[in-house]
Every structure is written in C-alpha cells, then in structure tokens.
Amino acid sequence: MSVSRAGLTGRFGGLLGGLRARLGGGDASGSGSLPVRDYVNVSAANPSRVMGFDQPLVWVTIALLLGGLVMVYSATIALPDSPRFANYAPHHFFVRHLVSIIMAISVAAVVTQIPMATWERWAPWLFIASLVLLILVLIPHVGKVVYGARRWLPLGIMNFQPSELAKLAIVLYASDYMVRKMEVKERFFRAVMPMAVAVGVVGLLLLAEPDMGAFMVIATIAMAILFLGGVNGRMFFLITAVLLGAFALMVTLSPWRRERIFAYLDPWSEKNALGKAYQLTHSLIAFGRGEVFGEGLGSSLEKLHYLPEAHTDFLLAVIGEELGFVGVGIVILAFFWLVVRLFNIGRQAIALDRVFSGLVAQGVAVWMGGQGFINMGVNLGVLPTKGLTLPLMSFGGSAILLNCVALAICLRVDIENRQLMRGGRA
C-alpha cells in the first residue's frame, strides 16, 4: 500500500506538534517557538526539586523537636521529688520547653523571609555582637553562674547562652570571610591567620566561662568552612595540628580536665564511678537496660535522680533506656539525614555560584552533625564527658532558638536555589 508524501508530512507534523505541546514549546498544530523547558526536572533524592521549599527538611526538624519535647517531659516529670526541684510542678520543664519550641518556630518563620544577601551584610556585625555578649556574660552580677560556670544571661523568659549565638555568628562570619578572601586563599598569613585570630579570641572568652565544649564546636565549624572554601590542604592540616596541640595543652594544664580524661579511660573504678565518671557510668547503665526495644516510654529508672542532667546533656541515655537500640538508631538516622540534606543544599547553592549561601548551609550541617556526634559519643562513652546538648532535642531555650534560626537560614538558601532554577531572582 502506498502512502502519499502529503500524508507522511501530515503525520510527521502531528507527532512534532504533540512533542512541542508536551515540552511546553508551542501548540499542538506545530506553530510557535522552539521547545524550551520552563521547569527543572530533579530526582526525588535531590533537595532542589521545584517546590516552594524543602518540605522533608521541615518535617524531619519538626519530628526531632517533638521527639525531644516528649523525651524532656519523660526525663523531668519526676524531678520535683528531689529537694532541689521541690518547688517545681511535674510539668514545669515540659511547659518551658514547649514555649521555647513555639518561640523558636515563630522566629524561624520570620527568618526564612530574610534574603541571604542581608545575612551576608550582617555577618561581621553579628560576629561582633556575639563577642560583646561573651564579654558581658563574664561580668559579675550580670552573667548567671550554674555549677561554677558563668554561661547564661538571665532575660526573664529564658536564660540566654551567648555561646549558642557565637556558633551561628561563626558560621556566617567564616562563610563571608572565605568569599572575601577567595583570591588569596592559598596564602597562609592573608587567608588563614585573621580567621585563626578571630576563633582564638572567641576561644579565650569561652574558656573563661568555662565552656570548652562550645569552643570545640566553634573551632570545628571554622575549620570545616575554611576547608570547604578551598584553603590549601597543607595549611588545613597545620591548623588541625595546632588546634589539637592547644586542646592537649589545655587538658594537661587543667587538673580537673585531666581528672575527667582519666575517669573516662577507667570509668568503672570505685573512685571514678562515684566521682568524675558518675554521669558516664549511669548513662551506660541506662543504655544497657534499654537493650533492643527499651523499657517503654516513661519507664526509665536512671532518670529518677541517678543520672544528673538527664533532660539536657544526657537525654540520649534516657532515649536509649526507654526506647532501646531502635529509638537511638532512629535518632541517629534522623541526624544523619538532616546533615546530608544540608550538605546537598549547600552544594546546590555553590553550583549556582552562590558561594556564601552554600558555605553557610554546609557550616550549619557541620554544626548540627558535629555537636550531635559529640553529644552522642559522650552518652555512649566513646568521648570524654563534655557539657554539650543534643541539637533540637535537649532542654534549653536559647539552644533550641538558635538551632531553629540556623535551619531557617538553610531553608532560605534552598528557597533561593529553587527561585534561580526556575529562572527567577534570589
């Protein structure tokens, strides 16, 4: 059977027109411009799908916040039985933590409306403000002393911890610094030394409180951003060696830090189990009791005045005792997913030539991942005891507030990424 040339042309034109219509390049009749896509097709595993914002990131953050709220309530409901907390209601810490979460989410919603260009302009000033607050907290009768450490500024509605603001400030300042020093990043004295001095000043103020845990987190954030910003590898390892030497020197020259290290190495000796390793041994007992599926929500015994600070530094131990290996594994996986997601958002921003935004997102990922790793390591006896909370979960108003603000800034980075990928302006 023969087919005329006109018939073939008509069929080919119809197929071409249909293809144009499906690609958004014209009508079905074949007229119009060339097929140009006005959307970006990205796989589901990539955080830069064309949506308004990264919804999975928001839901995982909310899940960690709510999980922390439940566990804080479980860890503190029996605290009024202790003479120290006799004047508190059983739900006192639950209500305070709930108010902190509501406040943090409200502030975070506002922060997502602030463009990254504004944060880039504010970065140096925010860093200076954090230094001022770190100095202010050391002034007698201004900073609040708890367990011999002067780390809090009483603000009525919450005790604000300047070191939490310093973590956010160093993320923004180091990212802005690397963008400004991009052309000289291979030269040590022009690229690295000024940043090292800035971190050193923050470190001296934190060690005066004392708060070595916060200093470790801030130093880790600064080093990671320098590395991600492209600082020469030899200089990076030199900085690492200097910091490790400084930490070793601080431990050597400080008797109580040295005792804590020795207690960590031998926690079950009678002297250490009743002294410097008391928290660690009871944390390990809590994990041992939890086994695979846990004793059940609310059934922890270690929280009944055996494990100090169960609602702050050692919340993971309560999770391990009540929800077992399964509960702890879910928390670890949630933090791992969160960190990977933030790194992907940062990588996407850098690919779009938005270096500051990309470094900020990855710096927050290092912050959440690094502090979470240290807290989990301390709870599990892998690392020496340090006073660091579990991000997004442990009790603490200023910590929850700054964690949510940092993640809101990362969400803003993702929103601007999506706007650029749709052909708009960030």
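Predicted model: local features only at pLDDT ≥ 70, side-chain atom pairs only at ≥ 80, totals over all residues.
**Exercise 1. Is Cys410 buried or exposed, and what is its relative accessible area?**

Residues are numbered from 1 along each chain as its sequence is written, and side-chain values use heavy atoms, with hydrogens and water left out.

*Solution.* 
Step 1: get the cut-offs. Buried means under 20% relative accessible area, exposed means over 50%, and partly exposed is in between (1.4 Å probe, protein chains only).
Step 2: apply them. Cys410 has a relative accessible area of 0%, so the residue is buried. Cys404, at 5%, counts as buried too.
Step 3: look for disulfides, that is, pairs of cysteine sulfur atoms within 2.5 Å. The count by this rule is zero.

**Exercise 2. Check the span of helix H15 (residues 397-421), and find how many of its residues are buried.**

*Solution.* 
Step 1: know what the label means. Helices (H or I, at least four residues) and strands (E, at least two) are DSSP runs, numbered from the N terminus.
Step 2: work out the expected span, which is 1.5 Å times one less than the number of residues. With 25 residues, H15 should span 36 Å.
Step 3: compare. The end C-alpha atoms of H15 are 36 Å apart, which agrees.

**Exercise 3. In what order do the three strands of the open sheet stand, and which strands are at the edges?**

*Solution.* 
Step 1: recall the rule. Two strands pair if DSSP finds at least two bridges between them.
Step 2: read the order. The strands run E1-E2-E3, with antiparallel pairing. E1 (144-146) and E3 (159-160) are the edge strands: each has a single partner, so one side of each has no neighbour in the sheet.
Step 3: take E1 and E2. Three bridges link them, and Val146 has Ala149 in E2 as its bridge partner. Their hairpin has two residues between the strands, and Tyr147 takes a positive phi near 55° there.
Step 4: take E2 (residues 149-154) and E3, which are joined by two bridges. Pro154 has Asn159 as its bridge partner, while Leu153 stands opposite Phe160. This hairpin has four residues between its strands, and Gly156 in the turn shows a positive phi of about 85°.

**Exercise 4. Which peptide bond is cis, and where is Pro210 found?**

*Solution.* 
Step 1: find the bond. The cis peptide bond joins Glu209 and Pro210, with omega at about -5°.
Step 2: locate the proline. Pro210 sits in the loop between helix H7 (193-207) and helix H8 (212-228).
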